[in-house]
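Here is a short tour to read alongside your viewer. Take it one heading at a time and turn the model as you go.

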Amino acid sequence: QVQLVESGGGLVQAGGSLRLSCAASGSILNINAMGWYRQAPGKQRELVARITTGRSINYADSVKGRFTISRDNAKNAVYLQMNSLKPGDTAVYYCNADGVLTLLSVRTADYWGQGTQVTVSS
């Protein structure tokens, strides 16, 4: 019923920038928060950044000052501007939406995108 689609990943050199986009589709009435997570091979999925409807933002310490998350509530979209990229940022980045209320919902639920690859070379 709800689908999240990420875009904007790619290959960049260290110090470069990328902008990730994610849009949620479906009969969505409300999303409490949207965020970005990433997972590198052999590592657990970790929070990168998260933003609520009220624009409360949480960043991972490793990306503070380099990444900026933003959200367009009307479009059910979230963006991640990534600057000063490092090889350690290489991972599959996943879009997340939590507290999602749809037209048929009796309770909220969480959804994940399929991921977009970000590769940062030296």
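Strand 4 (28-39) and strand 5 (46-52) pair in the antiparallel sense over six bridges. Strands here are DSSP runs (E, at least two residues), numbered from the N terminus, and two of them pair if DSSP finds at least two bridges between them. Across this pairing, Met 34 stands opposite Ile 51 in strand 5. The two strands form a hairpin with six residues between them, and Gly 42 in the turn has a positive phi of about 80 degrees.

Strand 5 also pairs with strand 6 (residues 57-59), in the antiparallel sense over three bridges. Here Ala 49 faces Tyr 59 in strand 6. Four residues lie between the strands of this hairpin, where Arg 55 takes a positive phi near 70 degrees.

## How to read the model

This is a predicted model: local features need pLDDT of at least 70 and side-chain atom pairs count only at pLDDT 80 or more, while totals for chains, interfaces and linings use all residues. Residues are numbered from 1 along each chain as its sequence is written, and side-chain values use heavy atoms, with hydrogens and water left out.

## The largest nonpolar core

Which residues touch the most other members of the largest nonpolar core? They are Trp 36, Val 48, Phe 67, Val 78, Leu 80, Met 82 and Tyr 93, out of 30 residues. Strands 3, 4, 5, 7, 8, 9 and 11 each supply at least two residues of this core, and the largest share, five residues, comes from strand 9. Such a core is a set of buried Ala, Val, Leu, Ile, Met, Phe, Trp, Tyr and Cys residues joined through side-chain atoms within 4.5 Å; buried means under 20% relative accessible area (1.4 Å probe, protein chains only).

Terms used
Buried < 20%, exposed > 50% of the residue type's maximum accessible area, 1.4 Å probe, protein only.
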